[in-house]
Amino acid sequence: MRIAVTGSIATDHLMTFPGRFADQLVADQLHTVSLSFLVDKLDVRRGGVGANIAFGMGQLGTSPVLVGAAGSDFDEYRAWLDRHGVDTESVRISETLHTARFVCTNDADHNQIGSFYTGAMSEARLIELKTVADRVGGLDLVLIGADDPEAMLRHTEECRSRSIPFGADFSQQIARMNGDDIRTLMDGATYLFSNEYEKGLIESKTGWSDEEILGKVGHRVTTLGARGVRIETAGEETIEVGCPEEEAKVEPTGVGDAFRAGFLSGLVWGVSHERAAQVGCMLATLVIETVGTQEYSLRRANFLERFTKAYGDAAAEEVRGHLG
């Protein structure tokens, strides 16, 4: 199974504020917020939704095709991804713009406030998926992750017109999308990914109920934070998967991307949705224990030991043969 991952490619600037954002907000002054947080720590890391997901899949040996746009400063980042099993040949390089940048501050409760500079990401709309598919000998699934909004719309329409199954994953872009765009991007998706808050926002903006949405997508995958993930399919029993025990809760950025990487790798392996979700939750746990979205290392023996503890011997045995 060949999966292309479309989405942002960016550099993350991650900062830590030792207090709580909530303590700095004045209820009757929220219409005129003016705040500056003195942070204790800055980490500059590789990131971007598309690159994070592709990196995780590469760690699991499932050879994803990364589709997105970056700047001329991408050479070192490209080499990193290539070394970790990602096909980067379909990344467009801008002649004028820098690679996108995410600036994020986390508080003591792991809440986040972030800003995103688009940069070269705006040129992702110029990428044609047919060219990508022809180069790799066809695509079985395209994950349409948070990216330039015009690119997301173009990739979705192209998948529909060429009968390529796709996954809709609005992530950070849902805040700027209107109901019409969300309906367009979601309708006919094989998979719809979101977290619990985004799930409510999708329903609010589209005006569609949970049941109506389930009638328009193949499977709805909703991450629930520390409670794991829920997978819903019309006419079938809901699947719920919990998270493995964390060794530490260090930094939450990229946890959702890691889940998607594990889940999509499970699809490549041909395992059940339940097993794929378990792989996703295990990979997400590794990320929350690490600062940075691509700084974790997947050690096979450790992964299987923790996976067995969380999900049992039978589940681990099924996964064992697929891990490189």
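Two strands pair if DSSP finds at least two bridges between them. The legends below describe a predicted model.

**View 1**
Strands of a sheet pair through backbone hydrogen bonds, either parallel or antiparallel.

**View 2. The pairing of strands S1 and S8.**
Strand S1 covers residues 3-6, and strand S8 covers residues 141-144. The two run in the parallel sense and pair over four bridges. Which residue of S8 stands opposite Ala4? Val142 does.

H9 has 16 residues. From first C-alpha to last, H9 reaches 22 Å, close to the 22 Å expected at 1.5 Å a residue. Is H9 mostly covered or mostly uncovered? Mostly covered: 15 of its 16 residues are buried.

**View 3. Asp12, a buried charge in strand S2.**
Asp12 lies in strand S2 (residues 10-16). Asp12 is buried yet has no salt bridge. Which side chain of opposite charge is nearest to Asp12? That is Arg45, 8.5 Å away. A salt bridge needs a nitrogen within 4 Å of a carboxyl oxygen. Beyond four places in sequence, Asp12 touches Asp43, Val44, Arg45, Arg46, Gly47, Gly48, Phe102, Thr253 and Thr293.

**View 4. His13, also in strand S2.**
His13 is found in strand S2. Leaving aside neighbours within four places in sequence, His13 is in contact with Leu42, Asp43, Val44, Arg101, Phe102, Val103 and Cys104. Thr238 lies elsewhere: His13 and Thr238 are 38 Å apart in space, C-alpha to C-alpha. In sequence they are 225 residues apart.

**View 5. Salt bridges.**
How many salt bridges does the model have? The count comes to 28. In one of them, Arg20 pairs with Asp23, with the closest N and O atoms 2.7 Å apart. Arg20 is partly exposed, at a relative accessible area of 35%. Asp23 is exposed, at 52%.

Another salt bridge joins Arg135 and Asp87, whose closest N and O atoms are 3.0 Å apart. Arg135 lies in helix H3 (residues 129-136), and Asp87 lies in the loop between helix H2 (75-83) and S5, so the pair ties together parts that are 48 residues apart in sequence. Arg135 counts as partly exposed, with 37% relative accessibility. Asp87 counts as buried, with 16%.

The side chains of Glu157 and Arg160 meet in a salt bridge of 3.5 Å, N to O. Glu157 and Arg160 are separated by about one helical turn, because they are three residues apart in helix H4 (residues 149-161). An α-helix has 3.6 residues a turn, so residues three or four places apart point the same way. Glu157 counts as partly exposed at 40% relative accessibility. Arg160 is partly exposed too, with a relative accessible area of 30%.

**View 6. A network of salt bridges.**
Which residues are linked in a network of salt bridges? They are Lys41, Asp43, Arg45, Arg46, Glu76 and Glu295. Asp43, Arg45 and Arg46 are also among the residues that Asp12 touches.

**View 7. Two serines with positive phi.**
Most residues other than glycine have a negative phi. Ser63 is not a glycine, yet its phi is positive, at about 50°. Ser63 is found in the loop between helix H1 (49-59) and strand S4 (65-70). Ser63 counts as partly exposed, at 35% relative accessibility. Ser171 also has a positive phi, near 50°. Ser171 sits in the loop between S9 and helix H5 (179-186). Is Ser171 buried or exposed? Ser171 is buried, with a relative accessible area of 14%.

Conventions: Residues numbered from 1 in each chain as written. Predicted model: local features only at pLDDT ≥ 70, side-chain atom pairs only at ≥ 80, totals over all residues. Heavy atoms only, no water. Buried < 20%, exposed > 50% of the residue type's maximum accessible area, 1.4 Å probe, protein only. Lys, Arg positive; Asp, Glu negative; His and termini not counted. Contact = heavy atoms within 4.5 Å. Expected span 1.5 Å × (residues − 1).
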